[in-house]
Amino acid sequence: MAGRLAGKRAFLTAAGQGIGRATALAFLAEGAEVIATDRDADKLAGLEGARTLALDVLDDAAVKDAIGGAGPLDILFNGAGFVHQNTALTCTDQEWDFAFALNVRAMWKTIAAALPGMQAQGRGAIVNIASIASALKAAPDRFVYGTTKAAVQGLTRSVAIDNVGKGIRCNCICPGTVDTPSLGERIAANASAAGSVEAARAAFVARQAMGRLGNAEEIAALAVWLASDESAFVTGQSIVIDGGWTV
């Protein structure tokens, strides 16, 4: 079903690696006009056919300028985020503030920048990356991360209800454990406590009911569906894609 996003303009954050990059490639393959952004512009190399742009989503003015300069959007994909490992006792003020700034506030700012154009043209699809570690399920040592991703779910529903009669849909994807560079960093961080990198990786795999990690392309396929007209009757939803972790 090639061409599912033909004629649609998509703006993506954190498109340099992992789920964001896989989604940019999937959007391109389906015919979208893609504006791919990342804080590290070098990571955007190889996204042939996309317009690439260095963008720090924590910079409100830069976000507004980038989205305004992209023209009216049909699709906004919010992939930027960070996973802290902490508990209520170990979380620092700095970690709390940074997690909310990147995982939640930055989504608000990209959405606020994109909505006027979407409202003017009477259509748009917003896809946010949340997580299973959220209001859906608690995960050990994911205190501030799970808290922010629960906030993303609330943000998603609020944007959806405020725009439900305006042709604009807003949904979030809640992945389980996905094999990405971000996960690789957490595996490396846990290697000492686990005894080895292999043991740390095995611990992540062990909590997946299917006995394997997800891959970024599987999440990207869901993002394509949510961005396409095939999901035209879907809004305000937290879509679970977790290999059965929450079954």
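Student: Which residues do ring pairs link into a cluster?

Tutor: Rings of Phe, Tyr and Trp (its six-membered ring) pair if their centres lie within 6.5 Å. In this predicted model, such pairs join Trp96, Phe100 and Phe143 into a cluster. Local features here need pLDDT of at least 70, side-chain atom pairs count only at pLDDT 80 or more, and totals for chains, interfaces and linings use all residues. Residues are numbered from 1 along each chain as its sequence is written, and side-chain values use heavy atoms, with hydrogens and water left out.

Student: How many aromatic pairs does this rule give, and how is a pair of aromatic rings described?

Tutor: A pair of aromatic rings is described by the distance of the centres and the angle of the planes. Planes under 30 degrees apart count as stacked, over 60 as edge-to-face and the rest as tilted. The count comes to 4 aromatic pairs. Among them, Phe27 and Phe77 form an edge-to-face pair, 6.4 Å centre to centre with 85 degrees between the planes. Phe27 belongs to helix α1 and Phe77 to strand β4 (residues 75-78), 50 residues apart; helices (H or I, at least four residues) and strands (E, at least two) are DSSP runs, numbered from the N terminus.

Student: Are Phe27 and Phe77 buried or exposed?

Tutor: Buried means under 20% relative accessible area, exposed over 50%, and partly exposed in between (1.4 Å probe, protein chains only). Both Phe27 and Phe77 are buried.

Student: What is the angle between the planes of Phe82 and Phe98?

Tutor: The planes lie at 75 degrees and the ring centres 5.9 Å apart, so the pair is edge-to-face. Phe82 is in the loop between β4 and α3, while Phe98 is in helix α3. Phe82 counts as partly exposed because its relative accessibility is 35%; Phe98, at 31%, is also partly exposed.

Student: Which residues have the most contacts inside the largest nonpolar core?

Tutor: A nonpolar core is a set of buried Ala, Val, Leu, Ile, Met, Phe, Trp, Tyr and Cys residues joined through side-chain atoms within 4.5 Å. The largest has 35 residues, and those with the most contacts inside it are Phe11, Val57, Leu73, Leu76, Ile111, Met118 and Ile126. Helix α3 provides the largest share of this core, 8 residues. Apart from this core lies another, of 31 residues, including Ala32 and Val127.

Student: What does Val57 touch?

Tutor: Contact means heavy atoms within 4.5 Å. Leaving aside residues up to four places away in sequence, Val57 touches Thr13, Val63, Ala80, Leu102 and Ala106.
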